[in-house]
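Subject: Structure handover

Dear colleague,

Please find the structure below.

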Amino acid sequence: MSKVQVMDHPLIQHKLTILRDKNTGTKDFREAVNEIARLMAFEVSRDMPLQDVEIETPLVKSIQKELAGKKVAIIPILRAGLGMVDGMLDLIPAAKVGHVGMYRDHETLEPVEYFVKLPSDINERQLLVVDPMLATGGSAIAAIDSLKKRGASTIKFVCLVAAPEGVEALEQAHPDVEIYTAALDERLDENGYIIPGLGDAGDRLFGTL
């Protein structure tokens with residue numbers, strides 16, 4: 001059974017169209033990524049557990065709800081994943097942030113890890129691994145491999161645009177990881193780019209086109 005969840009909320013879809021438009025400049029692109037990440041954080045956190053707590057309102061004592069369970073860590077895959085962090089922190093400000101750096105070897109086309117810096121207690125946290133694109137799935141799989149080697153066990157992957165090939169690869173490699181995406185696109189082209197996609201998210205975020 002597929003664990004991919006496509007978030008088709010009208011506000012997310014509207015902002016995603018802004019991202020896809022080749023005429024959207026760096027500033028507007030960055031702002032739209034930030035806004036979509038904030039909206040997605042709302043949905044990704046839907047199943048966070050609650051516990052009862054007694055408080056006193058201005059009128060009476062009352063039993064109300066507060067967050068319980070595992071704390072959260074947001075783990076962007078460098079560099080493009082950085083664009084999604086602030087939006088998520090807006091909704092989950094107590095989350096810690098780790099980083100996993102990956103680049104693709106031009107000869108083998110395999111992802112190579114070059115940087116990892118994580119909270120010391122990732123084994124006790126719900127990890128949200130974020131990257132705008134899930135194309136072939138190679139970077140996501142390698143990043144999650146790296147996290148699991150270091151003790152992580154509760155992981156969700158959050159992206160803006162996914163290709164069916166990447167979803168299938170990630171589900172096969174890590175069937176326990178839920179995938180959240182704003183769009184499931186048609187396919188990959190011969191160069192591994194998502195079609196219709198939105199181009200290179202990192203270049204568009206940081207103006208390095």
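A crossing is called left-handed if the near helix is turned anticlockwise from the far one by less than a right angle, and right-handed if clockwise. Helices (H or I, at least four residues) and strands (E, at least two) are DSSP runs, numbered from the N terminus.

The model is predicted, with local features needing pLDDT of at least 70 and side-chain atom pairs counting only at pLDDT 80 or more, while totals for chains, interfaces and linings use all residues. Residues are numbered from 1 along each chain as its sequence is written, and side-chain values use heavy atoms, with hydrogens and water left out.

Helix packing

Helix α1 (residues 10-20) and helix α2 (residues 26-44) have axes that come within 9 Å and cross at roughly 155°. (Axes are lines fitted to C-alpha atoms, for helices over the stretch in contact; angles run from 0 to 180 degrees between N-to-C directions.) That makes α1 roughly antiparallel to α2; angles over 145 degrees count as roughly antiparallel, under 35 as roughly parallel, 65 to 115 as roughly perpendicular and the rest as oblique. Their crossing is left-handed. On the α1 side the contact (heavy atoms within 4.5 Å) is made by Leu11, Ile12, Lys15, Leu16, Ile18 and Leu19, and on the α2 side by Phe29, Ala32, Val33, Glu35, Ile36, Leu39 and Met40. These contact residues divide into 11 nonpolar, no polar and two charged. Here Ala, Val, Leu, Ile, Met, Phe, Trp, Tyr, Cys and Pro count as nonpolar, Asp, Glu, Lys and Arg as charged, and the others, Gly among them, as polar.

The axes of α4 (138-149) and helix α5 (residues 164-173) are 9 Å apart, at an angle of about 20°. The two are therefore roughly parallel to each other, and their crossing is right-handed. Ala140, Ile141 and Ile144 of α4 meet Ala169, Leu170 and Ala173 of α5. This contact divides into six nonpolar, no polar and no charged residues.

Pockets

A pocket is an open set of points on a 1 Å grid over the protein atoms alone, where a 1.4 Å probe fits, with protein on both sides within 12 Å along at least five of seven lines; lining residues have an atom within 4 Å of a point. Grid points are joined across faces, edges and corners, and a volume is the space filled by probe spheres set on the points.

The largest pocket has a volume of about 810 Å³. It is lined by 30 residues, of which Arg104, Asp131, Met133, Ser139 and Asp200 are the closest to its centre. Elements supplying at least two lining residues each include β4 (71-78), β6 (99-104) and α6 (201-206). The lining comprises 15 nonpolar, nine polar and six charged residues.

The second largest pocket holds about 360 Å³. Met48, Leu67, Val72, Leu91 and Ile92 are the closest to its centre among 16 lining residues.

Cis peptide bonds

Leucine 78 and arginine 79 are joined by a cis peptide bond, with omega about 5°. Arginine 79 lies in the loop between β4 and α3 (85-91). Another cis bond joins isoleucine 195 and proline 196, with omega about 0°.

Regards
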